[in-house]
Every structure is written in C-alpha cells, then in structure tokens.
Amino acid sequence: MSVDPRQRFNGLAQGYARWRPSYPPALFDWIEKTAGLKPSAAIVDIGCGTGISTRLWTARGYRVTGVDPNLDMLAQARVSGPETYVLAAAEATGLPSGAFDLLSAGQSFHWLDLAKAQVEASRILKPGGSCCAFWNLRADTPAMRDYEVLLRRHSAEYAGLRSGPDTIAAIKRGAHDAFFAEFPNLQKLGLEGFFGRVFSSSYAALSVADRPSFEGELEELFERHQKQGTIDFAYRTAAILWRPRP
C-alpha cells in the first residue's frame, strides 16, 4: 500500500496525540546550546503533527509556528494550545523568507522530499540559522526486538519505509556543520496504552492485513514482557542539527 505522506495520518490524530511519546528535556537543552538559540528566537516546527514538539518549544518561551499538511493532525494540535499553526507542506510552507532562527522537525523529516525541504529551509531561515531533526527510535531491548519481528511479519509496508537513521545519513551527506546526539527516552504503558501506541503508527494502522492475528500476538508480547501491568516502550531519541547550504 502506498499512501500520500500528507494523508497517512487521516483518522489517527486523537490516538497519536494521546499515545505518542514526548521528547526528553535534555534534547532541547542540547539543541539550544548547539544552535546558540537566544531567548527571542523564532522557531518553525515542520511536520508538527498534533503539536507535541511545538508545545515543548513554546514552554521554553520561544515564538513558534507549527506547520503540517494534514488537517486532522492540525485540528488536534489546535485543541491543545495557543500556538500558531499553518496548513502547508514542509517543501512549500508559504512562510516569509528569512523569518526563523531554527527549523525543528520531530518525527517527520523522513516523510519529506529532502532536496526540496532543504531549499525551503534555506529560504525561511535567517542567515546563520539551523535545522534540527529528531526521532524517537526504538531502543534495543528484548521487548522492542520482539515488536520489530511482529511488524516485519504483519505490516506489508513497514520494512520499505524510509527511517530516521536513513534520513540522518542522507542529511549528513549533504550538510555542513552537522552535529549528532542521542538521549534515552521511555514510555511505561499498560495494555490499552501499548495498543494505542502501536496503532498510532501509520504502517500498523494502514498495512496490517490480518489485524486479529497481529493483535493476538501483540497481547502475547505484552504479557511476556510486562512487569506489574506495564511494558517499557523504550527509545533512543536521535537528533541531528545542521546548517543548510545557501
């Protein structure tokens, strides 16, 4: 199944907002220091989805504009805060040129046309501005390894999708002044939350052919790895910060 990235999350916004993980404070500390952000900085949050990272930037006192091409996701974002949100693609935002100090992209840069997104980033950033993309990637734990096996067995498209590490490698090849960091992150989830987290991913919601079988194996995985009624959905939050070429 091939779905337009702009439409992949239609109908998934509420589950995404409820069950997707946040990001560790250390990530934002690192971005601030590495990019040299000033308190008055203007940030554009590309592929902002339901506004998870947008709100985290706002909480730190920055002027933030969230951009996403999906109406469902933006509608959910607007429920949760007063930030400015714009319906647009990352490759053609329609935002003013030279307006932002930082382009931030949480869990989204792998969906973009990288060449076009880089050109647009260069246009909307101020001279010397930075880009930062980051992902909550699953950590190497027994539970997450078992989950990977299930995804590869049941999701027809999972293995073929471009991943965060693929995108980081592509950015490194075309960027200068690139910096990389990783931070631990964790969700502790009961059975409802575990299922909610699984089906907030488009490849699980859209391309699992035998959902009853998949759900049965998910429940077995949960029971095998849970402790006192919760499972650790463990991540390594990987980030790359770079300055786009003019």
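This is a conversation about how several labels in this predicted model follow from its computed values.

Student: On to charges. How do you know that arginine 60 and glutamate 32 form a salt bridge?

Tutor: Their closest N and O atoms are 2.9 Å apart. The cut-off is within 4 Å, so the pair qualifies as a salt bridge. In general, side chains of opposite charge can pair when their charged atoms come close.

Student: What makes this a link between distant parts of the chain?

Tutor: Arginine 60 sits in the loop between helix 3 (52-59) and strand 2 (63-68), whereas glutamate 32 belongs to helix 2 (residues 25-35), and the two are 28 residues apart. There is also a network of salt bridges here, linking Asp29, Glu32 and Arg60.

Student: Are the two partners, arginine 60 and glutamate 32, buried or exposed?

Tutor: Glutamate 32 has a relative accessible area of 18%, and buried means under 20%, so glutamate 32 is buried. Arginine 60, at 30%, counts as partly exposed, because that class lies between the 20% and 50% limits.

Student: How many salt bridges does the rule give?

Tutor: The count comes to 13. One of them joins glutamate 120 and arginine 123, with closest N and O atoms 2.8 Å apart.

Student: Why are glutamate 120 and arginine 123 described as about one helical turn apart?

Tutor: They are three residues apart in helix 5 (residues 114-124), so about one helical turn separates them. Glutamate 120 is buried at 7%, while arginine 123 is partly exposed at 31%.

Student: And what makes aspartate 146 and arginine 224 a salt bridge?

Tutor: The N to O distance is 3.3 Å, and the limit is 4 Å, so this pair counts as a salt bridge too. Aspartate 146 lies in helix 6 (residues 142-154) and arginine 224 in helix 10, so the bridge ties together parts that are 78 residues apart in sequence.

Student: One last pair. Why is glutamine 107 called buried and glutamine 228 exposed?

Tutor: Glutamine 107 has a relative accessible area of 17%, and glutamine 228 has 84%. Buried means under 20% and exposed over 50%, so glutamine 107 is buried and glutamine 228 is exposed.

Student: What is phi in glutamine 107 and in glutamine 228?

Tutor: Phi of glutamine 107, in the loop between strand 4 and helix 5, is near 60 degrees. Glutamine 228, in the loop between helix 10 and strand 7, has a positive phi of about 55 degrees although it is not a glycine.

How values were computed: Residues numbered from 1 in each chain as written. Predicted model: local features only at pLDDT ≥ 70, side-chain atom pairs only at ≥ 80, totals over all residues. Heavy atoms only, no water. Salt bridge = Lys/Arg side-chain N within 4 Å of Asp/Glu carboxyl O. Helix = DSSP H or I, 4+ residues; strand = E, 2+ residues; numbered from the N terminus. Buried < 20%, exposed > 50% of the residue type's maximum accessible area, 1.4 Å probe, protein only.
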